[in-house]
Amino acid sequence: MAKRLIVLFMLLFGLVGLLGACSNKESGTSDKGNGSTEGEKSGGSLTFGLAAEPTTMDPYIQNGTHGRTVKLAIYRGLYNYNEKGELEPELAESYTTNDDLTSYTFKLRDAKFHNGDPVTAEDVKYTYERIVAPDSKATFKTELSIIKDIEIVDDKTITFNLSEPSAPFIHYTALPESVIVSKSYTEANGGDIATKPMGAGPFKFVSWSQGSDIVVEKFDDYYKKGKPYLDKIKFQFYTDENTRVNALRAGDVNLIESVPWKDTESIGKTDNLKLSSANGPFMALQFNTNFEPFSKPKVRQAIAYAIDRNVIINTAFSGRGEPIYGMAILKGYMGYNEKFTNYFKHDVNKAKELLAEAGYPNGFKAKLLSTSQYGMHEQTAIAVQSELKKIGIDVELELPDWATRINKNVAGDYQFLVAGTSGDITDGDWMSNFYKGGPARLNNSANFDDEQINNLLEEGKKETDPKKREEIYEKLISRAMELSPFVYLNWREQSYGMQKNVDGFKNLDGFLSFQSGLTLEDTYISK
């Protein structure tokens, strides 16, 4: 018998860690929207300073927070996360599933694409078939490849039949890389929507001046009546962080992402500015397990004990953030257990003992891949280099530009690397992208492949009982800590800076910080 799972998923699997390691902090005035009328919110233009120019507007490719921010202005998917981290319907208005979670049926709402065409089941089918096509380079192709076939019931009803049970499937429809595209528009453009995006989101694409900016404007037929409030957004590219901050201080922009940690305190204390900060993304070390010292779990554990996380936070993040001595999982997320948050501790003697047991009493030499393009990555690498020297590991830094660093990461061309990332969904299956063996993923290109972890990931995905899923992910995390293909370093405080008259924009908590662009539909300039 079919059963509706919306409430169940929202309450149990869609929670964002509002407690514990994840905190949201607002410096400056509070949102002035309380009590405001829609008329007072509507109108005006906003300039948003992005830290980089998107490499593509292909909606299926994850190309950083800046790319997602623009994408989430233009597109919408079947489901999404709201600002509380709960799953909520977007272009779908509801879904049902069968008892063994192998079939999901979505009812679509009446929504339009920016060219005026209705969003239909045919568009949804076309979108997902493109994502899982053999030649697709979609970021989440692997996760969505469990789609066996897609059945159009009618124009507003569509059924996904899966090759295996999947409790987290609904979460993967909520990703910014699962947004719905128009079949007719995409085919009319020869399948190329990488430079001229067109979706069903709150803003429609106007122009892209390469090297300068992307402009979008209000879509009057957006399905959420009365939104968006802004008439236009100009996404201006500022790759230099000091230039970006100076543009905010000078009033050239209304809002900026990726506030440098050295500037957060001063922005929060400036009368005409305010800061929105939250812990959510994390820093970690990822090991290529084909490189012999790092092929041994005891070596990886030694590194986990060797590094004083406060040195990382003080060196790279101006003291803003929280240490991680275990699993990067937030309170409120599936699989969280306090014992895993402090699995390790800073203990140099223990680290030396483990190195000796692994056959490296005098340490060894290794290359650490990071990048010189982003200060937090470079400074994290420098701090790790200093800390590991204390246990005899001589670290040589590789600091190419960001594009080269990403390419080396994906190709597995490194010995170990600094990663700054986050889980992609709030369900426990976020760990698949990090720990599952098999085809390389951005977050696991390290040749790590453990049969026990693989089996637990599969069990967790297929289990229908939430309590049993919780137990499965606790076992998985215990095994992950034992093997430590990743050594987590710290939660980093992610901040947006804005003029005090910018309201409605929210820095989302936890893993959803990279999806804060969702709230641009709620953003307005106070009058």
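Residues 24 or more positions apart account for 72% of the contacts with a separation of 6 or more in the protein, a contact being defined by heavy atoms within 4.5 Å. The structure is a predicted model, in which local features need pLDDT of at least 70 and side-chain atom pairs count only at pLDDT 80 or more, while totals for chains, interfaces and linings use all residues. Residues are numbered from 1 along each chain as its sequence is written, and side-chain values use heavy atoms, with hydrogens and water left out.

The protein contains 18 helices and 20 strands, assigned as DSSP runs (helices H or I, at least four residues; strands E, at least two) and numbered from the N terminus. Its radius of gyration is 23 Å, close to the 24 Å given by the globule rule for 527 residues, so the protein is as compact as a globular protein of that length. This radius is taken over C-alpha atoms, and the rule is 2.2 Å times the number of residues to the power 0.38.

Of the 527 residues, 58% count as buried, that is, under 20% relative accessible area with a 1.4 Å probe, protein chains only. The largest nonpolar core comprises 138 residues, and those with the most contacts inside it are Phe 106, Phe 160, Leu 285, Tyr 435 and Tyr 488. Such a core is a set of buried Ala, Val, Leu, Ile, Met, Phe, Trp, Tyr and Cys residues joined through side-chain atoms within 4.5 Å. Apart from this core lies another, of ten residues, among them Tyr 238, Val 245, Ile 256 and Leu 275. Residues touched by Phe 160, not counting those up to four places away in sequence, include Leu 78, Phe 106, Tyr 128 and Asp 149.

Conventions: Buried means under 20% relative accessible area, exposed over 50%, partly exposed in between (1.4 Å probe, protein chains only).
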